[in-house]
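Dear colleague,

I am handing over the structure below, and I would be glad if you could look through it before reading my notes, which follow directly after it.

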Amino acid sequence: MSYTYIMSGISMVLKNGNPKLRDNVKYSNMIVDTIKNFKEFLKFEMMFNAYHEDTLMDKYLSKHNYFGATWHADSGGLQMVTQNKTITDEWKDKIYNIQSKHSSYAMCFDEMPINVTKTAGIASRLDLSGRQYIVEWARDKAIETGKNVRRQIEIIRKNNSNTKVFIICQGNETQDFVDYYDNVIDQLPPEYYTSIAGVALSAACTGLGIRESVKMAGSYRYMSIPKGMGRKLHFLGFGSLSRLYPMMVLEASGYLNADITFDSSSHAMGCLLGEVNIMDSDVLKTKKHAFGNRNGKTAYTDSIYTH
């Protein structure tokens, strides 16, 4: 059994105060030591969003050796779609360059066969009620995704980077995910397989229930993984035991044979909303410190930041 938890939404942990008002060397060393001393059945890695967290990587984390962690880079494609942004080839190339510079693993730009009829603001990442899965779009969207992956690998290799790409697959039923994957792979030359880390499954076109999770996870068994390609299986946005349970059962039964990873922004969001209480800290420059959004209902806790 091999599970890796990836904390995403990292800026929600690191942007709640002014970095100039803390001892950044002590702070980074503290996080490095915490990660090194993490002795659980889960491995721990981190993810940033290349669409809106690139400055955080360029201006801060890169100067502190990325906290000694293994980093994943999301493309930000879902955020662009839910914000009705136009994703141009120029934007994609910019994202690929950021990913190749700052991450060991990078999510692809997956083209989603959905029609967004409405958004739910901040909650839109969880609210799927405004999304319609369009069966007739699935093949063409998968082919476009395959072309995106091909271009992504081209730029990664051009930059002499060792970053490996996750192929994100979309679907509504089990066979949909398999067909999507097949159409992506068909766009890639065999010599590119070694630049692929594995498959990432997204619930954006299906649902968040146990039944939907089983159908989605089960699709991996029917995907033909070519020689040279990595065998990582990633689950996007799995931040609760109820979401993880079907995947763990399938893995324990022997149905799934892969190096399983999953990401969640729930813990990072907990910091932003004031759900973490730190009574004292060695990195404070004064004894006066605050945390979270003071206009929020749960912003009554302390943090490592000073005024």
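Does K158 count as buried or exposed? This is a predicted model, and in it K158 has a relative accessibility of 69%, which is over the 50% cut-off, so the residue counts as exposed.

Helix 6, which covers residues 138-158, packs against helix 7, residues 174-185, at an angle of about 45 degrees and with the axes 7 Å apart. The two helices are therefore oblique to each other, and their crossing is right-handed. On the side of helix 6 the contact is made by A138, R139, K141, A142, I143, T145, G146 and V149, while helix 7 contributes Y180, N183 and V184.

As for the chain as a whole, the protein has 10 helices and 12 strands, and 52% of its 307 residues count as buried. Among the contacts with a separation of 6 or more, 76% are accounted for by residues 24 or more positions apart. The accessible surface of the protein chain comes to about 15,200 Å², and 51% of that area belongs to carbon and sulfur atoms.

Key. Residues numbered from 1 in each chain as written. Predicted model: local features only at pLDDT ≥ 70, side-chain atom pairs only at ≥ 80, totals over all residues. Heavy atoms only, no water. Helix = DSSP H or I, 4+ residues; strand = E, 2+ residues; numbered from the N terminus. Buried < 20%, exposed > 50% of the residue type's maximum accessible area, 1.4 Å probe, protein only. Contact = heavy atoms within 4.5 Å. Areas by Shrake-Rupley, 256 points an atom, 1.4 Å probe, with all protein chains shown as cover. Axes fitted to C-alpha atoms, helices over the stretch in contact; angles between N-to-C directions. Parallel < 35°, antiparallel > 145°, perpendicular 65-115°, else oblique. Left-handed = near helix turned anticlockwise from the far one by under 90°.
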